[in-house]
Amino acid sequence: MGTPSELFKDGDALLVIDVQNDFCPGGKLPVEGGDAVVAVLNRYIDAAVKKNIPVFFSRDFHPNGHISFQKAGGDWPPHCVQDTKGAQFHPELKIAESSILVTKGVRFDKDQNSAFDQTGLAYKFRSDGVKRVITGGLAQDVCVRASVLDGLREGFEMVLLLSATRPVSPEEGRRAFEEMKEAGAKIV
Ligand SMILES: [Zn+2]
């Protein structure tokens, strides 16, 4: 599909999912090569900003002792705890002034893997006239997968930038890839 700039058209939004320190090498729940998505995403962010395409950044933002942490019976080591360095976006990620943040994982009673899960994001996209969502980020088999599938269910065209995502496990990553494709996501 050519350059990032050629990809974007009116009615698009760019959704950058959870590119936070804890999901990058050196973090609390590192994804192998997680930081490699930053340079790729920055090119798309630049192109989007130039073309007045809205850019959304989701972040995992857990309270201490969150239900998704192993100590509380969840699946994960503690990560992206609110207001810690680990919860911050990767320092090289280009957060534009006009960017919109989507915060998830703040609920005490359940985890929110998808950027659409009770964040009001589908409402926001619809009210802004967004029809197609270009997305990438971390991790391919967890929050990216959940967000892409939810976006499709909400009726948006979802485009996954494959070079801009990495899985927690390669096998689960492949499974998520097939699942997203089968559900109707376009893979670029
Ligand atoms: Zn989390």
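Predicted model: local features only at pLDDT ≥ 70, side-chain atom pairs only at ≥ 80, totals over all residues.
View 1. Gly173, Ala176 and Met180 of α5, by contrast, are buried. When one looks down the axis of α5, these buried residues fall within an arc of 65°, so they line one face of the helix. Among the elements that cover the buried residues of α5 are helix α4 and strand β5, the latter made of residues 157-166.

**View 2. The length of helix α5 and the glycine that follows.** After α5 comes glycine 184, a residue whose phi is positive, with a value near 115°.

**View 3. The packing of helix α4 against helix α5.** Helix α4, which runs over residues 143-153, packs against helix α5, residues 170-182, at an angle of about 10°, and the two axes are 10 Å apart. Because angles under 35 degrees count as roughly parallel, α4 is described as roughly parallel to α5. On the α4 side the contact is made by Arg145, Val148 and Leu149, while α5 contributes Ala176, Glu179 and Met180. Sorted by type, the residues of this contact comprise four that are nonpolar, two that are charged and none that is polar.

View 4. Is α4 mostly covered or mostly uncovered? The helix is mostly covered, since eight of its 11 residues are buried, and a residue counts as buried if 20 or more other C-beta atoms lie within 10 Å of its own. The buried residues are Cys143, Val144, Arg145, Ala146, Ser147, Val148, Leu149 and Gly151. They pack against strands β1 (12-17), β4 (132-138) and β5, and also against helix α5. Glycine 155 follows α4, and its phi is positive, near 95°.

**View 5. Aspartate 150 and its contacts.** Aspartate 150 has its place in helix α4. If residues up to four places away in sequence are not counted, aspartate 150 touches Ser114, Phe116 and Asp117. The C-alpha atoms of aspartate 150 and alanine 115 are separated by 8.4 Å, although these two residues are 35 residues apart along the chain.

Note on methods
Residues numbered from 1 in each chain as written. Axes fitted to C-alpha atoms, helices over the stretch in contact; angles between N-to-C directions. Helix = DSSP H or I, 4+ residues; strand = E, 2+ residues; numbered from the N terminus. Parallel < 35°, antiparallel > 145°, perpendicular 65-115°, else oblique. Contact = placed C-beta atoms within 7 Å. Nonpolar A, V, L, I, M, F, W, Y, C, P; charged D, E, K, R; others polar. Buried ≥ 20, exposed ≤ 12 C-beta atoms within 10 Å, placed from the backbone. Arc of directions from axis to C-beta.
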